[in-house]
Amino acid sequence: MSTLAIPRVEPALPAGPAKRRLSPWQTWGLILIAPYVLVFLVFVVYPVGYGLWLARHPASYVRLVDDPIFARSVVNTLVFLIVGINLKMLVALLLSGFFVTARTWIKWLSLVFILPWAVPSIPTILSIRFMLNPEWGIINHLIFRFTGADGPNWLNEPSVALAMAILVHIWKSLPFWTLILIAGRLAIPAEMYEAASVDGASGWQKFKFITWPSMQTLYLTSTILSMIWTLGDFNSVYLLTGGGPADLTHVLATLGIRYLRLDQVDLSMASIVCALPLVLPLVYFMMKRLSK
Amino acid sequence: MKMPTLKGVATEAKLLLIGIPVLLWTLIPVYHMFLFSISPKESAFAGKLWPDHPTLHNFEVVFGQKHYYLSHFWLQLWNSLLIAVTVGALTLLVATCAAFAISRLKVKGGRTIMNLALFTYFIPAAFLAVPMYKTMGNYGLLNNQWALILAMVTIAAPYSIWVLKQASDKLPYELDEAARMDGATPLQLFRLVYLPLMMPSLVAIGTYALLLAWNEYLYAFLLLSNDRQITLSVALGNFLAADDSPWELLMTVGLIYALPPAAIYYAFKRYMVGGLTAGAVKS
């Protein structure tokens, strides 16, 4: 890794008197790191501690588990993560293969393709929300024009609405993950593919024996990271369905805010605490990968 | 010219068969937004794919603040800009200093702080939102734009420090030693050697934090509520409050709001993709 560039000397050793407790380099180090430490203490440590303190009563958890919306939200979150993320990563893997094909028009297409990632999510999610409007939305207009039948009431059927929220999430973040996997593919030496072609390997064999072995670590890391980020994806659900109909499409990220708006802060914090068993293993995995 | 072979045609056809759906999938929601912004309300609601009479009337209404929902449009645009720029600058300041201290000065405990920051980065921001909201209330900062600025700096800083530290570790250590031999103070090293060499990463991180703040919705709508203080993103969400929302105006504001970040993204694409995406998963 990059640390190779750094010789293994103790860099902080002062050139001057050895007895002084802090060299000017250490002093300046402490001064320069202080602003972040301050931010961390005031806006991370205190809020997290205070939040856990608010969620200290066992009664909050009893009420939370009794709330059918909580169970529904957990299920929705799991569906979002397991179905949504795996679908997204699989499509990103396939598309990364498409985008590394050497064609001028594919180069241009890749520029257009990152548009969903480049534009803010709020206006585009609202745009999709209106497209799905049962009476005036363009999708049902088109369905009516071509089939003469009324289109479905997209956002009023909980499972369809959740599926739409997942699609919105995929629309927004697919470009990012495709870019990552393209970078992964481009890192594979072209000679390996040339050698395989000479030996008469099929496209599938090249994928199985060259592409996948070189990319599987990247793919797994990307999937885990995407799951962590998706746990915090508030916008896709909130701006598309608002958690409705009848609070049946909430995920854990929107549920906490729902309780907050209902002025039930203890339930809000309790629902976040309940999400921790899901979050912490994923975070632990990422920390192991990145903090080397 | 060479005659295309049958196999060649089949390959191109297969590529197009992927390319065209990808193009449509990507563009339709954005096109739909654009379509609404140039359509009169009746035309937009009639499901037309192109208005009979394209008009800039919606932009006139927005820029002239001639609608109830738009009475503070310019102020809210200014709020978004001011908050985004402040967050970008503050994040850059905090993160550059921290990365320099950890990576070049090897400050004691730097590794621990790096790991704590990384841990914060992986906690989904939506989970931190509720405690952050309560905390800002305790600090008496609710409805104050500093609450949003400080919250966004908190969220943007960990990743920024991490990326800057990675980039900083790659600079040869001999540079520091040479500077020390010449009797440079830590601050001189920071200003004259470190900052110029780190410029590409600093641009990437400043842009990252700025866009993060401009695009933020959840924290902005929790921490700010006064019409004169909210950002444009919150104003967009507020359109949904009514059943008869003027969607053509909402989409017009949305388009205006989406253009600056998209332009910045494309302008700095090289930095963004090189500096950020590579750092995000590789180790």
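Predicted model: local features only at pLDDT ≥ 70, side-chain atom pairs only at ≥ 80, totals over all residues.
The contact between them draws 11 residues from domain 1 of chain B and 10 residues from domain 2 of chain B. On the domain 1 side of chain B, the elements that give two or more residues are α1, α2 (41-45) and α3 (57-63) of chain B, and the residues of that side divide into 7 nonpolar, 3 polar and 1 charged.

Chain A is likewise assigned a domain 1, covering residues 23-54, and a domain 2, covering residues 59-290. For chain A, the C-alpha centres of domain 1 and domain 2 are 33 Å apart.

## The interface between chains A and B

Across the interface, 87 residues of chain A are in contact with 82 residues of chain B. Helix α1 (residues 24-54) of chain A gives the most to the side of chain A that touches chain B, contributing 21 residues. By residue class, that side of chain A is made up of 67 nonpolar, 17 polar and 3 charged residues.

One helix pair that spans the two chains can be described in detail. The axes of helix α6 (residues 121-131) of chain A and helix α1 (residues 6-37) of chain B come within 9 Å and cross at roughly 85°; α6(A) and α1(B) are therefore roughly perpendicular to each other. From α6(A), the contact is made by P123(A), T124(A), S127(A), I128(A) and M131(A), and from α1(B) by P29(B), V30(B), H32(B) and M33(B). The residues of this contact comprise 6 nonpolar, 3 polar and no charged ones.

## The largest nonpolar core

The largest nonpolar core has 163 residues, and those with the most contacts inside it are V87(B), A98(B), A129(B) and M152(B). Helix α7 (residues 145-169) of chain B gives the most to this core, with 16 residues. Leaving out residues up to four places away in sequence, M152(B) touches V87(B), L212(B), A213(B), E216(B) and Y219(B). As general background, nonpolar side chains tend to be buried together in soluble globular proteins.

T249(A) is placed in the loop between α11 (235-240) and α12 (252-261) of chain A. T249(A) counts as buried because 28 other C-beta atoms lie within 10 Å, where the cut-off for a buried residue is 20 or more. Apart from its neighbours within four places in sequence, T249(A) is in contact with N76(A), P158(A), A161(A), L162(A), A165(A), V237(A), T241(A), G243(A) and G244(A). The C-alpha atoms of T249(A) and P277(A), 28 residues apart in sequence, are 21 Å apart in space.

In chain B, Q76(B) is found in helix α4 (residues 73-103), and Q76(B) is also buried, because 24 other C-beta atoms lie within 10 Å. When residues up to four places away in sequence are not counted, Q76(B) touches I230(B), T231(B), L232(B) and A235(B). A separation of 32 Å lies between the C-alpha atoms of Q76(B) and A98(B), which are 22 residues apart along the chain; A98(B) is itself among the residues with the most contacts inside the largest nonpolar core.

## A hardly covered helix in chain A

Helix α9 (residues 190-198) of chain A is hardly covered, the count of buried residues among its 9 residues being 0. After α9(A) comes G200(A), whose phi is positive, near 80°.

Notes. Residues numbered from 1 in each chain as written. Chains lettered and ligands numbered in written order. Contact = placed C-beta atoms within 7 Å. Helix = DSSP H or I, 4+ residues; strand = E, 2+ residues; numbered from the N terminus. Nonpolar A, V, L, I, M, F, W, Y, C, P; charged D, E, K, R; others polar. Domains from an automatic or database assignment. Axes fitted to C-alpha atoms, helices over the stretch in contact; angles between N-to-C directions. Parallel < 35°, antiparallel > 145°, perpendicular 65-115°, else oblique. Core = buried A, V, L, I, M, F, W, Y, C linked by C-beta atoms within 7 Å. Buried ≥ 20, exposed ≤ 12 C-beta atoms within 10 Å, placed from the backbone.
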